[in-house]
Amino acid sequence: MIELAKRAKALKPSPTLALAAKAKELAGQGKDVVSLTVGEPDWDTFARVKQAAISAIERGQTKYAPSNGIPELRAELAKQTSSQLGVTYDPTEVVVTAGGKMIVFAVLQVLCDEGDEVIVPAPFWVSYPPMAELAGATPVIVSCGRESRFKMTAEQLEKAITAKTKILILNSPSNPTGEMYSREELTHLAKVLERHPRVMVLSDDIYNRLTLDGSELAPHLLHVAPQLRERVIVVNGASKTYSMTGWRLGWALGDRTVISAMSNYLSQSVSCASPFTQSAMVVALKEGDSDVTQAVTNLRQRSETAYAALRAIEGLDVPKPSGAFYLWPSVEKHLGKKYRGQLIKGSKEFAEQLLNHELVAVVPGVEFGAEGYLRMSFVVSEERWKEAMTRLARFISELTT
Ligand SMILES: Cc1ncc(COP(=O)(O)O)c(C=O)c1O
């Protein structure tokens, strides 16, 4: 009999990808499913970026690349991130690999020892706790409620830190809530961090240019506390801002000790991100600003329409997001009700029944560590969003006490 390792036995597939797969399966059976599950833009990768990849392939850039990324890309990332965050990075303080997800994984792998604690504010991106566990660490989940707009307060951080705390994970704008930390909130967190010099910060900035409040860039911990530079690992990637989810490109910037360890780790695992995607990324960074601006303008318009339509549904409480492309409505007041005789115990049952009966796929909040909410990705066509709203409203109207 095959005996799997403990870490493999404990693993569950990513719930967002699993739900998206179920929605696809139903659609494959000819059902008219509206899937609002996946965190991926629906606009195309920018034409100039696709063209750059094609010419890189034609120039023969199809072999192994350096395991920390091609020098031109690291240089451009160092330049742009330095200017965005107001601290200086050298190209040797940049590492590039196949996707932001692998970058987050590698940060945890090189920083955590068995028994270390990783503070994860909830609601959280689904992969943080299992990744911390795979690194031998214990995820310490800190529940952040509606009263603080799902953000961790300085008091909560202070309380959560112990002698074992190794990393605090910050993700702003947040997946799943779309909330953004303000400069003031970050200043309070920074003050706590200054009192605890062992604690590192993984700042997952993957949505930091997809702001919905008119700002160009989300406020950053390093904007208000550049003195923490040595302890902050900045994580970002091509997937969201450049609509390149399938290209698999992510990067980290930070102190050379951590970045070198990550490069070694990645050289023994992933080897490298493909060279032609990296070459195309250089073009995206150098020439893609107008494309990003246009995509963000479009995103803002759609967020307004999507938010208004969701809010119009009776019995839903919807916080207005300030970044990313998710809405995070509360369905708390419907929990405990019944749909066609079936008890809606929690967000999981809500999402299940909604998918089974109305063919609308959403992710239950419980997967993000916050019961009573749903995550709905609004980067679908206006017509599909409208259709989803009609079905959701009908579903809610059929709930009985
Ligand atoms: C918060 C957050 N971080 C990181 C990632 C990783 O993205 P990728 O691996 O596509 O770069 C995602 C993707 O969903 C995300 O939502």
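In this predicted model, Arg-302 is found in helix 12, which covers residues 289-311. Arg-302 has 19 other C-beta atoms within 10 Å and is therefore partly exposed, since a residue counts as buried at 20 or more such atoms. Although Arg-302 and Val-380 are 78 residues apart along the chain, their C-alpha atoms are separated by 9.0 Å.

**The chain as a whole**

The secondary structure of the chain comes to 14 helices and 15 strands. The radius of gyration is 21 Å, close to the 21 Å that the globule rule gives for 401 residues, so the chain is as compact as a globular protein of that length. Along the principal axes, the C-alpha atoms fill a box of roughly 60 × 55 × 55 Å. Of the 401 residues, 48% count as buried. When contacts between residues at least 6 apart in sequence are considered, 71% of them join residues at least 24 apart.

Strand 8 comprises residues 250-253, and both of its faces are covered. Gly-250 and Ala-252 lie on one side, Trp-251 and Leu-253 lie on the other, and all are buried. This arrangement can be read against a general rule: in a regular strand the side chains alternate between the two faces of the sheet. The pairings of strand 8 are set out below.

| Partner of strand 8 | Residues | Sense | Bridges | A bridge pair |
|---|---|---|---|---|
| Strand 2 | 94-97 | antiparallel | four | Val-94 with Leu-253 |
| Strand 7 | 232-237 | antiparallel | four | Gly-237 with Gly-250 |

Gly-237, the bridge partner of Gly-250 in strand 8, is also among the closest residues to the ligand.

Helix 5 spans residues 100-111 and has 12 residues. From its first C-alpha to its last, helix 5 reaches 17 Å, close to the 16 Å expected at 1.5 Å a residue. Its buried residues are Gly-100, Met-102, Ile-103, Val-104, Phe-105, Ala-106, Val-107 and Leu-108.

The ligand is surrounded by 14 residues, of which the closest are Gly-99, Gly-100, Lys-101, Gly-237 and Ser-239. Helix 5 supplies the largest share of this shell, three residues. By class, the shell has nine polar, three nonpolar and two charged residues.

Note on methods:
Residues are numbered from 1 along each chain as its sequence is written. This is a predicted model: local features need pLDDT of at least 70, side-chain atom pairs count only at pLDDT 80 or more; totals for chains, interfaces and linings use all residues. Helices (H or I, at least four residues) and strands (E, at least two) are DSSP runs, numbered from the N terminus. The expected span of a helix is 1.5 Å times one less than its number of residues. A residue is buried if 20 or more other C-beta atoms lie within 10 Å of its own, exposed if 12 or fewer, and partly exposed in between; C-beta atoms are placed from the backbone. A residue is near a molecule or strand if its C-beta atom, placed from the backbone, lies within 6 Å of it. Ala, Val, Leu, Ile, Met, Phe, Trp, Tyr, Cys and Pro count as nonpolar, Asp, Glu, Lys and Arg as charged, and the others, Gly among them, as polar. Two strands pair if DSSP finds at least two bridges between them. The radius of gyration is taken over C-alpha atoms; the globule rule is 2.2 Å times the number of residues to the power 0.38. Two residues are in contact if their C-beta atoms, placed from the backbone, lie within 7 Å.
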